[in-house]
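Here is a short report for a reader meeting this structure for the first time.

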Amino acid sequence: MILQMLKGKIHKATVTQAELNYMGSITIDKALMDASGIIENEKVQIVNNNNGARLETYVIPGERNSGIICLNGAAARLVQPGDKIIIICYALMNEEEAKAYKPKVVFVNEDNSINKITNYEYND
């Protein structure tokens, strides 16, 4: 059996830009990508805490330590700068791998700088 498991997550990032006239994707600060284990061109799920929108797209790297979180193309219609989003990536694993794997969960500050990196869902 193969399970789809949480691989990494950036929790409550602030959208800094929404660029409708772009081919598509989400641009993420490279430091956040590295911290969460998200790689270039990887499929991610985006959850908008402000309006409940959910979408899937792929990742392109943004300038390291810039704090950029930019939804491009059609996805720009589902967010506004200032919205809080959760960026989630998943991985397929067998049951043994899934039980041993620890996801990378990145909590960010208001400016999208890294506040805390952990492997669990809650922030204490």
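This is a predicted model. Start at strand β3. Ser 25, Thr 27 and Asp 29 point one way from β3, while Ile 26 and Ile 28 point the other way. Both sets are buried. In a regular strand the side chains alternate between the two faces of the sheet.

**The partners of β3**

β3 has a partner in β6, which covers residues 69–72. The two strands run antiparallel and are joined by four bridges. Ile 28 has Ile 69 as its bridge partner in β6. β3 also pairs with β5, here in the parallel sense and over four bridges. In that pairing, Ile 26 stands opposite Val 59 of β5.

Thr 27 belongs to β3, residues 25–29. Ile 60 sits in β5, residues 54–62. Why do both count as buried? The cut-off is under 20% relative accessible area. Thr 27 has 10%, so Thr 27 is buried. Ile 60 has 17%, so Ile 60 is buried too.

Thr 27 and Ile 60 are in contact. Beyond its neighbours within four places in sequence, Thr 27 also contacts Pro 61, Gly 62, Ile 68, Ile 69, Cys 70 and Asn 72. The side chains of Thr 27 and Asn 72 are joined by a polar contact of 3.1 Å. Ile 60 touches Asn 72 as well. Other contacts of Ile 60, setting aside residues up to four places away in sequence, include Tyr 22, Ser 25, Ile 26, Ile 28 and Met 33.

**The whole sheet**

What is the order of the strands in the open sheet? The nine strands follow the order β2-β6-β3-β5-β4-β7-β1-β8-β9, and the pairing is mixed. The edge strands are β2 (17–19) and β9 (114–118), each pairing on one side only. On average, neighbouring strands of this sheet are turned by 30 degrees against each other, direction ignored.

| Strand pair | Sense | Bridges |
|---|---|---|
| β3 and β6 | antiparallel | four |
| β3 and β5 | parallel | four |
| β4 and β7 | antiparallel | four |
| β8 and β9 | antiparallel | four |

β4 spans residues 43–48 and β7 spans residues 84–94. Val 47 has Ile 86 as its bridge partner in β7. β8 covers residues 104–108. Val 105 stands opposite Thr 118 in β9. The hairpin of β8 and β9 has five residues between the strands. In this hairpin, Asn 112 takes a positive phi near 70 degrees.

How many residues make up the largest nonpolar core? This core has 22 residues. Those with the most contacts inside it are Ile 26, Ile 28, Leu 71, Ile 85 and Ile 87. The elements giving two or more residues to this core are β1 (2–14), β3, α1 (30–36), β4, β5, β6, β7 and β8.

Ile 28 has contacts with several elements' residues, including Ile 10, Met 33, Val 59, Ile 60, Ile 69 and Ile 87. Ile 60 and Val 105 are 45 residues apart along the chain. Their C-alpha atoms are separated by 19 Å.

Methods: Residues numbered from 1 in each chain as written. Predicted model: local features only at pLDDT ≥ 70, side-chain atom pairs only at ≥ 80, totals over all residues. Heavy atoms only, no water. Buried < 20%, exposed > 50% of the residue type's maximum accessible area, 1.4 Å probe, protein only. Contact = heavy atoms within 4.5 Å. Polar contact = N/O pair within 3.5 Å; in protein donor to acceptor, adjacent residues only side chain to side chain. Pairing = 2+ DSSP bridges. Axes fitted to C-alpha atoms, helices over the stretch in contact; angles between N-to-C directions. Core = buried A, V, L, I, M, F, W, Y, C linked by side-chain atoms within 4.5 Å.
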